[in-house]
Amino acid sequence: MSEIVLEGTGLTRQYGGFRALDDVSIMVRRGEIRGLIGPNGAGKSTLIDVLSGRGAFSRGTVKLEGRDISGLNARQRRLAGLARSFQRTNIFGDLTVGEQVHLAARAAEAENAGEVMEALALAPLADRRAADVSYGDQRRLDLALALVGRPRVLLLDEPAAGLTMQESLTLAALLRDLAQRWQVTVLIVEHDMDVIFAICSSLTVLHLGRILVEGPPEQVRVMPEVVTAYLGSSVA
Amino acid sequence: MKMRVLLPLLFAAAGALLPGLVGSTLLMTLLTQAVINAMLATGVGFMVRQNGMVSFGHAGFFGLAAYIVALCTTNHVVTAEFAVLLAVALPMLLAFLLGLAILRIAGVAFSMLTLAVAQSFYELMLRWRELANGDDGMAAELPPRLFGAGIAVFQTPESMFLVCWAALMVVLAGLWLLSRSHFGTLTIAIRENEERARFIGYETLLPRALVYALSAGIAALAGVMFALYNAFVTPDVLYWSLSGEALVMAVIGGTKAIWGPALGAVIFFLFKDVAGDLTEHWPAIIGGTLIVVTVLLPRGASGSLLALVERLGVRR
């Protein structure tokens, strides 16, 4: 069994009287691509926010490779090796594609900006203003900004949102390939079950801020309560 | 040589020839004042361009610098040369420290805070008569020589125009180089998406405070030139209307290009003079023109010029 690289323990996030996360504990092992699924409002994005340092949490701890990073801000967590992408495309519209990937590489003291752009088919767009490239290209750019510097853990919040089915599957294949090639552990939130089942080695199902079930995709997808409540009968 | 380098050099040289070509002292006086205002507008525009934030208080740094020159030279606190350096450095330091506190506040609230700070300087100079002679203003007792040049160089329109023009060209060249550096790219990234900048690993407050300090320093340099040229300052140089005018200049010129606000200042100053000859209600003409420019040329005069140059196929 490989070592735990990311560990959240007893994570609780309260908005007024509503608990978006209720005593959630999650352990992600090195090399794993873990899917985080559940209906809207289950707390998936909140969990990603809490782990990445975007949202404060009321209780709990976050550890990266055994080091407690609960007190670190988003920037410090990124430099410690925990990167993320966003549900909505989150890039620098007025910079060129190349400028911003190099900017991210410089922050991470990495020299793999060119390699990342090649891998994500962004190299031909290097001199284009990011706001002017297609939506699909912007999604890959968002991913490139997170991947550059080879983080140890990558948190992805709906990377395929807004993409066509073909684009989503291409992205899924690319993600699986890059995660293996660059040894990046991935925790991915995604509504597109084709993407989830194509790349994930394990799944965590969230419901109303609590973990309902965890396990390999082939087991999770046949659990009656999961099929009925979250996945829909068509995927079973 | 590329056009993007050749054109500015030609422009800078053409400006330097103006005193020899313009026979009217009145027009040279006007042009000198326009270049001083261009420097102030460049500071305001740089803040908008790099930080995406609007300051209504740059007259505070302009006027503070002018008063530092006047107070230091009149009271013989330090040498005039040191007073000039102090007049640029102190507003920069003040803006940096102030920026660390107020740049966390976004939008209109930030603009109002800058306005409040500048107005507090205005009130200070207005009411502290023992220090600065209130609304009567005060003269700057400048020495016969400054930085090795006779003081007349700084007070004669033709020569002062050249001093101000050279300073403006150096500032514009410096800002252009800065905009092409890592710092320039980083500050544009922060302007575009501060949260993402943090998530790729950057501290975001410090670069924004440095931009604010730099823009304040440029406004302060304009204030120094104003004080040297006029050798007299009144609280009007700290008043909010000057900050507003500088912002109007930046809007007219556009902030996409670093030189846009400076162009806007020259247009504004000359237009104000022409409109002032036509009617005492010239601010109404300026206001109407601003509305037309904002609607028809949202990128300002510089943006429209660049678009025209691109359309003509000239490599920038």
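Let's start with a pair of strands: β1 of chain A, residues 4–15, pairs with β2(A) through 8 bridges, in the antiparallel sense. One of the positions to look at is A:Glu7, whose bridge partner in β2(A) is A:Met27. Before going further, please keep in mind that this is a predicted model.

Those two strands belong to an open sheet of 4 strands in chain A, ordered β2-β1-β4-β5, and its pairing is antiparallel. Which strands stand at the edges? They are β2, residues 18–29, and β5, residues 67–68; each has a single partner strand, so one side of each has no neighbour in the sheet.

On one hand, β3(A), residues 33–37, and β9(A), residues 202–207, run parallel and are joined by 4 bridges. Within that pair, A:Gly35 has A:Leu203 of β9(A) as its bridge partner. On the other hand, β9(A) and β10(A) run antiparallel, with 5 bridges between them. There, A:His207 stands opposite A:Arg210 of β10(A). These two strands form a hairpin with 2 residues between them, and in that hairpin A:Leu208 takes a positive phi near 50°.

Stepping back to chain A as a whole, we have 9 helices and 10 strands. Its C-alpha trace spans about 50 × 40 × 40 Å along the principal axes. How does the radius of gyration of chain A sit with that of a compact globule? A compact globule of 236 residues would have a value near 18 Å, and chain A, with 17 Å, agrees.

Across the interface, 19 residues of chain A are in contact with 14 residues of chain B. On the chain A side, α2 (74–80) and α3 (97–107) each supply at least two residues. The largest share of that side comes from α3(A), with 6 residues. By type, the chain A side divides into 10 nonpolar, 3 polar and 6 charged residues.

Over to chain B, then, which has 15 helices and 4 strands. Its radius of gyration is 19 Å, close to the 20 Å that the globule rule gives for 316 residues, so chain B is as compact as a globular protein of that length. The C-alpha atoms of chain B fill a box of roughly 50 × 45 × 40 Å along the principal axes.

I picked two helix pairs from chain B for you. In general, packed helices are described by the angle and the distance between their axes.

The crossing is right-handed. From α2(B), the residues that meet α13(B) include B:Leu30, B:Ala34, B:Ala38 and B:Ala41, and among those they meet are B:Ala265, B:Val266, B:Phe269 and B:Leu270. The residues of this contact divide into 11 nonpolar, 6 polar and 1 charged.

Next comes α3(B), residues 58–74, with α12(B), residues 240–253. Their axes also come within 7 Å, and they cross at roughly 115°. Here too, α3(B) passes α12(B) in a right-handed crossing. B:His58, B:Ala59 and B:Phe62 make the contact from α3(B), and B:Trp240, B:Leu242, B:Ser243 and B:Ala246 from α12(B). What kinds of residue are these? They divide into 5 nonpolar, 2 polar and no charged.

Terms used
Residues are numbered from 1 along each chain as its sequence is written. Chains are lettered from A and ligands numbered from 1 in the order in which they are written. This is a predicted model: local features need pLDDT of at least 70, side-chain atom pairs count only at pLDDT 80 or more; totals for chains, interfaces and linings use all residues. Axes are lines fitted to C-alpha atoms, for helices over the stretch in contact, and angles run from 0 to 180 degrees between N-to-C directions. A crossing is left-handed if the near helix is turned anticlockwise from the far one by less than a right angle, and right-handed if clockwise. Two residues are in contact if their C-beta atoms, placed from the backbone, lie within 7 Å. Ala, Val, Leu, Ile, Met, Phe, Trp, Tyr, Cys and Pro count as nonpolar, Asp, Glu, Lys and Arg as charged, and the others, Gly among them, as polar. Two strands pair if DSSP finds at least two bridges between them. The radius of gyration is taken over C-alpha atoms; the globule rule is 2.2 Å times the number of residues to the power 0.38.
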